[in-house]
Amino acid sequence: MVRFIQTSDWQIGMKAGGLGDAGFIVREKRIESIAKILEIAKQNKSDFVLICGDVFEHNMVSSEDVSKVVSIFNKYSDISLYLLPGNHDSLGPDSVYNRDIFSRIPNLTILRTCEPLEVNGTTLYPLPIESYYQKEVQTDKLQYVKELEGVHIGVAHGSLIGAFHSSHEEIDLPIDPSCIEKSGIDYLALGHWHSYREFTDDNGVKRIAYSGTHEQTRYDEDSAGYCLLVEINEKGDTPKITPIRCGELTWKSFDFEMKDAASLNELTKHMESFRGVDMFRLNLFGEIPLENRDELENILEYQKTLHSNFRIKTDGLQYIVPVSPDEVKELGDPTLNQTDRYLRSLLRAEDDTKKRDVIIEALSKLHRLAKGS
Ligand SMILES: [Mn+2]
């Protein structure tokens with residue numbers, strides 16, 4: 001029997017620049033969670049850990065980031081690690097794995113060639129990436145192992161043909177699911193996609209899986225933050241694939257349409273179901289009367305205190321200002337009233353969105369002044 005942990009796409013060194021201040025937290029967490037994976041491997045008495053590519057975001061990753069990862073490898077020196085270069089950390093003259101430090105880690109084997117590798121009676125068939133532009137179907141390189149004894153595991157990095165696109169010309173780094181039947185391997189461990197996914201072979205048996213990234217990278221990723229515990233009793237048996245949570249960050253993206261003043265209560269009610277999210281993105285769109293702007297801002301100010309990182313997108317949100325004279329409110333002061341009417345007359349005549357925003361901003365400030373806030 002073989003029991004191992006499968007992981008991939010750590011993307012260490014990624015900037016996460018689009019996340020603003022939270023980028024730092026995401027970068028640090030991605031490193032910390034590697035220790036979590038190795039801890040899971042230890043607890044489950046794994047024979048080894050298979051790392052299926054894109055450990056680093058690029059080959060020019062800083063030596064500081066490399067050191068942080070290697071330090072974790074050293075802390076778990078009793079766990080054998082098998083690392084496949086992916087497209088972000090591909091082999092070649094400028095490969096990160098050409099750095100001396102990688103030859104000094106006793107428990108790490110970098111799978112640099114397609115040569116089969118025997119590990120305690122199980123054979124690994126690595127398909128390392130040499131170039132991002134590799135067009136050939138990688139799994140065509142797998143040898144025929146049906147007649148051979150022992151459990152045989154393919155280790156690759158790329159996109160599975162047929163999962164989203166039917167032809168291999170349409171996808172990068174193509175992987176052919178029929179390689180299971182053609183070569184007779186028991187399992188194909190894959191990296192490259194950030195979501196955890198399992199796929200069946202031609203006989204309907206789940207023998208192909210992506211672990212997905214160990215720590216979610218973006219708001220739109222689903223089923224991220226897992227590693228896989230894979231157990232195969234003997235040659236030909238159905239692999240038992242168990243996803244185990246290793247990611248720590250929680251992500252939530254929530255879209256909400258504002259229709260009128262009543263939407264504020266609805267928004268508050270919806271937001272009650274979310275507490276303590278690490279990465280929260282609220283996308284507000286639609287329309288709301290300008291006079292409710294302060295209340296909206298108060299609601300959002302409070303929401304910010306409930307989550308580690310609360311980001312609000314309001315690109316699609318419009319503040320509605322009544323422009324006809326009979327809708328105009330009394331502001332309690334002749335100068336304020338006069339300014340209010342003047343700004344509204346400007347707004348009535350203005351078509352340019354940016355200029356309208358400036359006028360609305362001015363009106364908003366004027367109304368705050370009138371309220372004495
Ligand atoms: Mn990749």
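Predicted model: local features only at pLDDT ≥ 70, side-chain atom pairs only at ≥ 80, totals over all residues.
- An open sheet is formed by six strands in the order 4-3-2-1-13-14, with mixed pairing, and its edge strands are strand 4 (108–110) and strand 14 (240–245), each of which pairs on one side only.
- From one strand to the next in this sheet, the twist averages 25°.
- Strand 1 and strand 13 run antiparallel and are joined by five bridges, with R3 standing opposite E231 in strand 13.
- Strand 13 also pairs with strand 14, in the antiparallel sense and over six bridges, and here C227 has I244 in strand 14 as its bridge partner.
- Because six of the seven residues of strand 13 are buried, this strand is largely enclosed by the rest of the structure.
- Helix 1 (residues 22–43) lies across strand 1 (2–7), strand 2 (48–51), strand 13 and strand 14, and runs at about 170° to strand 1.

- Six strands in the order 5-6-7-10-12-11 make up another open sheet, and the pairing within it is mixed.
- Strand 5 (117–119) and strand 11 (197–200) stand at the edges of this sheet with a single partner strand each, so one side of each is left without a neighbour in the sheet.
- The twist in this sheet averages 25° from one strand to the next.
- Strand 7 (residues 152–157) pairs with strand 10 (residues 187–191) in the parallel sense over five bridges, and G154 has L188 in strand 10 as its bridge partner.

**Nonpolar cores**

- The largest nonpolar core has 62 residues, of which V155 and L190 touch the most other members, while strand 13 (residues 226–232) supplies the largest share, six residues.
- When neighbours within four places in sequence are left aside, L190 is in contact with C52, A156, H157, L160, I175, I208, A209 and Y210.
- Another core, of eleven residues, lies apart from the largest one, and V26, L249, I288 and L296 are among its members.

**L282 and its surroundings**

- L282 lies in strand 16 (residues 279–289), and this residue counts as buried because it has 21 C-beta neighbours inside 10 Å, where the cut-off for a buried residue is 20 or more.
- Although L282 and D255 are 27 residues apart in sequence, they are 6.0 Å apart in space, C-alpha to C-alpha.
- Leaving aside neighbours within four places in sequence, the contacts of L282 are F254, F256 and I312.

**Helix 7 and the residue after it**

- Helix 7 (residues 353–371) has 19 residues, which at 1.5 Å a residue should span 27 Å, and this agrees with its end C-alpha atoms, which are 27 Å apart.
- G372 follows helix 7, and the phi of this glycine is positive, near 75°.

How values were computed
Residues numbered from 1 in each chain as written. Pairing = 2+ DSSP bridges. Helix = DSSP H or I, 4+ residues; strand = E, 2+ residues; numbered from the N terminus. Axes fitted to C-alpha atoms, helices over the stretch in contact; angles between N-to-C directions. Expected span 1.5 Å × (residues − 1). Core = buried A, V, L, I, M, F, W, Y, C linked by C-beta atoms within 7 Å. Buried ≥ 20, exposed ≤ 12 C-beta atoms within 10 Å, placed from the backbone. Contact = placed C-beta atoms within 7 Å.
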